[in-house]
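Welcome! Please take a moment with the sequence and the model below, and then we will walk through them together.

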Amino acid sequence: MTLRSSLSLVVFVIVLGWSTLASADAVDDAFVEGTEAAERNDWSSAAASFETASALLPQRSAVLSYNLGTAYANLGDLGRSTYHLRRATDWRARPTTEILEAARSNLAAVRRRAELDATTSGAMIDRPQTTWDLLVGAIAAPWVAWISLLSGLGFCVALYVHRRWLRAQPRRAGASRALLIVLALVFTIPGGLHGWSVRAATAQPEAIVLPAAVDAREGPGQHRSVSFTLQGGAQVRVLDRSPGWSLVKLPGGLTGWVPEASVARLDAVRAAGSAGGSREGAPAVGKRGDA
Amino acid sequence: MRSATSQSVRTTFLWVLFSLCAVLLPGTAFAKGITATVEADETQAVVGDVITMEFLVSRSSTRGSLPTPELPQSVADAFDVGQCASGTSRSVQNINGRRTAATTRRVSCPLTARKVGTFKIAFTVPDGKKRVASNSVSIEVIAADGERAPLEDPTVEAPTDASEDVFLWVSTNKKRAYVGEQVTFRLDVYEAQRFLDVSLRTSPTFEGFISEEIPLPEVYTTMVGDRPFRVRPGIRRALFPQQAGTSTIGASELLISRRKRRFSDPIALEILPLPAEGQPPGFSANNVGRYQISAKVDRDEVQPGEPFTLTYTVAGEGNIELLDPGEWAVLPSVRSYDPKVTTERSRGDVVGGTRSYAFLMIPERSGTLSIPAHELVFFDPAQEAYATASSSVIEVVVGGDPNAIVRTDEDEEAAVGTVVDDPLAPIFSTASVPRDLPRDRWLTQERWTMGMLSVPLIVMLGLAGGWAWRRFGPDDAARGRAVVRARRRERIELAQGAVESGDGFHTAISALLQDVALEVAGPEGTGLPRSELLRLLDRKGVEAEERRRLESLLEQCDVARFGAADGGADERHHLLDDALSVVRMLSKGAA
């Protein structure tokens with residue numbers, strides 16, 4: 001390797017490392033700027049700074065999502081507040097127990113406000129979570145996947161052992177048959193339910209309505225008649241897409257087409273706000289230096 | 001002979017003639033018979049109602065004409081006979097080779113009942129020299145229940161001129177009204193006879209009025225002069241005049257059977273302005289009628305920040321959908337939202353109903369919240385004076401610490417744009433955003449799916465493999481031979497390992513030879529002493545030389561095991577080679 005090649009390699013490594021460090025610093029700077037603005041009760045600037053940090057960060061961050069959601073809650077932007085607080089509670093954002101508790105508390109406050117607004121305006125909002133929703137959520141958890149899969153593999157092993165050695169021994173055969181039945185049930189029932197819930201979540205991803213109110217129409221287009229109005233912060237499922245429009249469904253079954261930018265999917269790695277979503281009906285959020 | 005033949009021909013001819021007469025004569029008699037029938041679509045009617053009567057004359061033949069039925073005088077006395085329609089139909093049927101024919105003359109007449117009583121209607125038709133009478137139908141005609149429909153307003157002017165069979169009648173319940181006061185307009189079609197094609201060609205105009213449709217009554221019968229008329233209600237409107245002066249309801253035009261026309265006169269109404277005396281400032285001209293107002297809350301004990309609903313309900317008569325309820329009271333330390341307004345119209349000639357204003361209210365402070373009475377001012381045209389309806393005062397107890405204030409007015413001003421009222425958890429202040437990328441889940445969705453699908457696959461493959469092994473695998477004899485071979489290999493290995501040391505060598509060789517001998521001898525060789533075993537091998541066809549070598553080797557082993565002549569390693573090598581040679585020979589022979 002010549003001296004010139006070695007120097008080029010060293011320069012390349014330094015430039016690469018510097019750009020990463022610079023990006024990291026910009027995220028921290030924006031984050032600190034946001035927290036300072038929030039301490040001054042300048043929630044517009046805080047939200048803008050947190051949005052900047054979120055746009056620069058290529059991954060989920062529970063603390064960033066929580067702060068962003070809380071800033072929007074203080075601004076009265078219930079849709080974005082709900083969206084970011086929900087992202088803060090996502091396990092992929094690795095929330096600490098403190099963040100999780102605070103996010104749930106703020107989510108409850110935002111939810112109460114959204115329900116109140118929906119009552120006064122006549123807009124539609126998803127019904128509060130029920131035990132059934134919690135059950136469905138629990139079924140979709142990874143531990144159910146592990147249990148069902150291990151039960152299936154255990155069933156294979158137990159079946160082999162049963163047929164090879166235990167079939168001729170009546171006392172042990174009874175116990176092994178019971179074990180086989182239990183493993184088969186655990187494999188089929190929780191496994192089937194887990195597959196169903198994961199498939200539903202994949203085919204119909206959850207999303208949050210961002211603007212304060214969105215008209216859901218009978219078809220994709222502004223000329224189509226309005227079926228109902230969705231409250232900002234309402235949780236919906238995205239059933240279908242058409243250029244610029246999404247077909248959404250409330251848990252009660254009510255469906256309508258809304259502008260694509262008015263709903264943000266919860267499973268997206270990047271937060272919707274940083275992608276420049278619509279602010280229709282929401283209080284204006286000041287940019288950097290507004291305050 | 002000839003005489004007998006002619007007699008026979010004459011007899012045959014007479015029989016044929018008799019048969020023809022027997023068959024044809026009744027048919028001819030039936031063909032001459034005429035039947036007369038009368039039918040009615042109703043057997044009971046009110047004076048003025050129209051009944052459709054059908055007079056039928058029929059004959060079982062398609063030839064000739066049928067007489068026209070003659071209506072009896074009793075029909076003309078009790079009913080007005082409208083324009084009758086007549087027609088003749090012929091039918092021929094061929095059922096199972098038998099041909100039947102019929103001719104029917106049908107006369108259909110609308111009869112309008114004029115007199116009260118029970119009338120038997122029948123008619124006669126000539127049939128040759130005699131007359132055939134029809135059946136009779138009894139029609140009971142009862143008196144009209146009053147001269148007006150029960151729903152009609154007695155103040156409405158009624159027609160008196162009965163000179164035309166059909167005419168249009170428009171009227172209002174009053175000729176003079178205040179601005180905003182209800183005037184009921186009605187348009188009716190009066191028919192002395194049934195006219196099938198009557199339509200309103202020109203509808204009346206209601207310029208200067210707010211017009212509300214009100215329910216139409218059913219068709220009814222009434223007397224105009226001494227003639228009964230069916231009244232078909234066409235239009236019912238509640239009119240609310242919007243400006244003082246003379247307002248005119250435009251004329252209407254009725255088209256009868258696309259040829260005749262009937263016109264109504266326009267109606268001029270004198271509309272009075274609302275009196276200035278006693279009129280409150282900003283009074284809405286739509287608040288004319290008679291109203292009451294009430295207030296209620298859905299709960300009278302709440303916590304600060306807990307919403308409750310305050311509902312004002314206005315009930316009464318008037319154009320309630322345009323009612324101006326006035327300014328609602330603003331309660332201190334209570335946030336309220338625009339009301340949800342619902343209206344329920346009452347069904348009837350007089351427009352009215354209830355209109356509710358539901359306010360969502362959120363008290364901010366503890367204590368007793370007093371909701372003042374709301375006053376609704378309206379003009380009562382019946383009293384020709386302004387009146388005030390008032391709701392009652394309502395008190396709501398707002399619980400919690402009476403000294404605690406959820407939000408002061410100063411807070412309210414400071415918190416412009418701060419919409420979420422519940423206390424929010426503070427943000428987290430850290431020097432940097434954690435960047436540890438979360439580990440990817442090992443059990444991804446794809447892996448989980450593959451794993452779940454592989455479980456039944458493994459089970460099925462295992463079961464299929466087991467079945468295939470049982471179906472195509474070795475039988476008991478083969479497995480037994482395999483066991484023997486394995487045991488033989490084991491003994492040979494043991495003997496080879498013990499050649500140098502001699503420990504267990506002869507035992508292994510003896511057992512090996514014994515096993516081979518038993519394998520050749522078969523099951524019957526088991527348990528036999530050596531001499532018997534050798535004889536059995538002889539019977540099984542083993543050569544004498546082989547038997548001799550086998551016996552020799554076994555004896556050498558016995559000597560070595562039980563005697564003192566163990567020999568050296570070389571001798572054991574020779575013994576092993578000999579034993580293996582014998583084993584190969586015996587095994588070849590057994591195979």
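Which residue stands opposite B:L310 in β27(B)? That place belongs to B:F359. We will come back to this pair after a few words on how to read the model.

This is a predicted model, in which local features need pLDDT of at least 70 and side-chain atom pairs count only at pLDDT 80 or more, while totals for chains, interfaces and linings use all residues. Residues are numbered from 1 along each chain as its sequence is written, and chains are lettered from A and ligands numbered from 1 in the order in which they are written.

Let us begin with chain A. Its secondary structure has 8 helices and 7 strands; here helices (H or I, at least four residues) and strands (E, at least two) are DSSP runs, numbered from the N terminus. Of the 291 residues in chain A, 39% are buried. A residue counts as buried if 20 or more other C-beta atoms lie within 10 Å of its own, as exposed if 12 or fewer do, and as partly exposed in between, with C-beta atoms placed from the backbone. Contacts in chain A between residues at least 6 apart in sequence join residues at least 24 apart in 63% of cases; two residues are in contact if their C-beta atoms, placed from the backbone, lie within 7 Å.

Among the buried residues of α7(A) are A:V144, A:L149 and A:F155. The buried residues of this helix pack against α6 (131-139) and α8 (170-203) of chain A, together with α4 of chain B.

That last partner leads us to the place where the chains meet. The contact takes 49 residues from chain A and 33 residues from chain B. On the side of chain B that touches chain A, helix α4 (residues 445-472) gives the most, with 9 residues. This side of chain B divides into 20 nonpolar, 9 polar and 4 charged residues.

Now for chain B itself, which has 9 helices and 31 strands. Buried residues are 24% of its 591 residues.

Back to the opening pair: strands β24 (residues 308-318) and β27 (residues 352-363) of chain B pair in the antiparallel sense over 10 bridges. Strands pair if DSSP finds at least two bridges between them.

Finally, find the open sheet of 3 strands in chain B, with the order β12-β21-β18 and mixed pairing. Its edges are β12 (176-178) and β18 (245-249), each with a single partner strand, so one side of each is left without a neighbour in the sheet. β12(B) and β21 (residues 267-272) of chain B run parallel over 3 bridges, and B:Y178 has B:L272 as its bridge partner in β21(B).

Note on methods:
Ala, Val, Leu, Ile, Met, Phe, Trp, Tyr, Cys and Pro count as nonpolar, Asp, Glu, Lys and Arg as charged, and the others, Gly among them, as polar.
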